[in-house]
Amino acid sequence: MVRRGGGPDFRFVRRIAGRRHAHAVTHRPVGVAALVTPWNFPAAMATRKIAPALAAGCTVVLKPAAETPLTALAIARILADAGVPDGVVNVVPTTDAPGVVSAWLADSRVRKVSFTGSTLVGRALLHQAADRVLNSSMELGGNAPFIVTEDADLELAVAAAMVAKFRNGGQTCTAANRFLVHEDVADEFTDRLGAAVSSLVVGPASLPGTSIGPVISARAVARLDEAVTSAVASGARVAARAVLPDGLTGHFVAPVVLRDVAPDAAIVAEELFGPVAPIVTFATDDEAVAIANASDFGLAAYVMSGSLQRALCIAEALDAGMVGVNRGLVSDPAAPFGGVKQSGLGREGAREGLLEFTETQMFSVDWRHDDGDSSR
C-alpha cells in the first residue's frame, strides 16, 4: 500500500450565504515508477531518480546501463541495509534493454517512466508511453553553447571552459559542445584554451598525474576521430591537441581544440560526448544567440561576460533549461535540472523533481457554516 503525502493544501475558502466553499489541493504518489539510467554517472543518475520517487511514496524498478550495473546493485544493497523494505527498490540489470523496458511500459501497474539517455531512445520510449498516456520524464541529449563575449575575463572563461568541456572526459549531457567566441578575442581565447588543453595528461586514473581518462568504448573513439577528421576536411584547423602517451592501451582520445569552424558545420550540430572543443566566432550578441538557438536541443548553455547584466540578458534569450553564467557548472541537487525542445520533458532535483513522481488532486468542497450533518 503506497503512503499518501501530507494533508491537503487549502488554496482558498469562500463564504457564501451561510455556506463555505473551499478548494483543497494535495499530491499523491504516481505509483510504480520505471527508471532507466545511463552509464556516465551511474551512482548520481540512479540516486537522483530513486530518492524523489521514494520521497513521494512510489516503488521503483530500475534498469541501469549495461556498462555499469554493479553501481546500481550496490546502491540497492545500501538502501536495503538502511531499512528500505523488500520490493520497494528493484534493480534489473540486462543486456536486452529494449525488451525489458518495453515490457515495463506495457504493464498497467507501471504509472511512470523516468529516462535519462539519448534523444533517439527517448523518442522511442515516448512513442510507447503514448499508447498508455504514461506519465513521462525525459532527460535527453544536449548541444550546449559556451558563449564568450569580448569583455569577458578570459582567464576565468578558460578555467570555466575546462570544467564545462572536459569534466568526465566530456562525457556529460551538460558538456559545452560548441564554443561561440567573439571575433575580437577569438585568437587570445583559442591560444589560452589551447595551452590548457595541451597540458592535459591523458591516461588511466591509476597513473599519477593523469588529468583526463578514457572514453566509454572503441566505438566512441572511432566516432570522435571521424568527427574531427571530417571537420578538418571541411576547413577547420587543429589549434591544439594533447599528447597520447606511447604504449597507452584502452579507449583514449586526445583532447583537441578546433578553430575556424563554421556555425553550421556538422561537428557543432551533433552531441560530441567527448574531449573535442570546436570554436565558432561571432560579431554581435544577437548573432551569438541565433547560432546558439539554431539547434533542436536546449539542455544547458554557458555565458561568460564582464557585465553581469549583459550575461543575464543573453542567458534569458537562450533556448536552454539551465544556463551557467560566468561558471562552468550548472548542476546542483537543490536546483531543478532539465531542458527544453528535444533535450527533454520535466525536471530532476529540487521540489520540481519530487513533484515529477506525484499526481495533483483537487477537492472542491462545500459545507454548511454550522457544519451540521445528521448523517455523520
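Let me begin with an open sheet of six strands, whose order is β5-β4-β3-β6-β7-β17 and whose pairing is mixed; strands, like helices, are DSSP runs numbered from the N terminus, with at least two residues (E) for a strand and at least four (H or I) for a helix, and two strands pair if DSSP finds at least two bridges between them. At the edges stand β5 and β17 (344-345), each with a single partner strand, so one side of each is left without a neighbour in the sheet.

Before I go on, please keep in mind that this is a predicted model, in which local features need pLDDT of at least 70 and side-chain atom pairs count only at pLDDT 80 or more, while totals for chains, interfaces and linings use all residues. Residues are numbered from 1 along each chain as its sequence is written, and side-chain values use heavy atoms, with hydrogens and water left out.

Within this sheet, β4 pairs with β5 in the parallel sense over three bridges, and valine 61 has asparagine 90 in β5 as its bridge partner.

Strand β3 (residues 32-36) has four of its five residues buried, so it is largely enclosed by the rest of the structure; buried means under 20% relative accessible area, exposed means over 50%, and partly exposed lies in between, with a 1.4 Å probe and protein chains only. Five bridges join β3 to β6 (residues 110-116) in parallel, and four bridges join β3 to β4 (residues 60-63), again in parallel. Leucine 35 stands opposite serine 114 in β6, and its bridge partner in β4 is leucine 62.

Where does threonine 94 lie? Threonine 94 is in the loop between β5 (89-91) and α3 (97-106), and it is buried, with a relative accessible area of 18%. A polar atom of the threonine 94 side chain lies 2.8 Å from the backbone nitrogen of aspartate 96, which is a polar contact, that is, a pair of N or O atoms within 3.5 Å, where within protein one must be able to donate a hydrogen and the other to accept it, and where residues adjacent in sequence count only if both atoms are side-chain atoms. Not counting residues up to four places away in sequence, threonine 94 touches Lys63, Ala66 and Val100.

Now to the other sheet, which is open and made of seven strands in the order β10-β11-β12-β9-β8-β14-β15, with mixed pairing. Its edge strands are β10 (237-241) and β15 (322-325), each of which pairs on one side only, and neighbouring strands of this sheet are turned by 20° against each other on average, direction ignored. Strands β11 (residues 256-259) and β12 (residues 276-282) pair in the parallel sense over three bridges, with valine 276 in β12 as the bridge partner of valine 256. Helix α5 packs on this sheet, touching β8 (144-148), β9 (176-182), β12 and β14 (300-304), and its direction makes about 170° with that of β8.

Lysine 165 lies in that helix, α5 (residues 154-166). Which side chain of opposite charge is nearest to lysine 165? It is glutamate 271, 8.9 Å away, and lysine 165 is buried yet has no salt bridge, a term for a side-chain nitrogen of Lys or Arg within 4 Å of a carboxyl oxygen of Asp or Glu; for charge, Lys and Arg count as positive and Asp and Glu as negative, while His and the chain ends are not counted. The side chain of lysine 165 does reach the backbone oxygen of valine 276, at 3.0 Å.

By contrast, serine 234, in the loop between α7 (218-233) and β10, is exposed, with a relative accessible area of 66%. Its side chain reaches the backbone oxygen of serine 230 at 3.0 Å.

For the chain overall, the secondary structure comes to 10 helices and 18 strands, and buried residues make up 45% of the 376 residues.

Definitions and conventions:
Axes are lines fitted to C-alpha atoms, for helices over the stretch in contact, and angles run from 0 to 180 degrees between N-to-C directions. Contact means heavy atoms within 4.5 Å.
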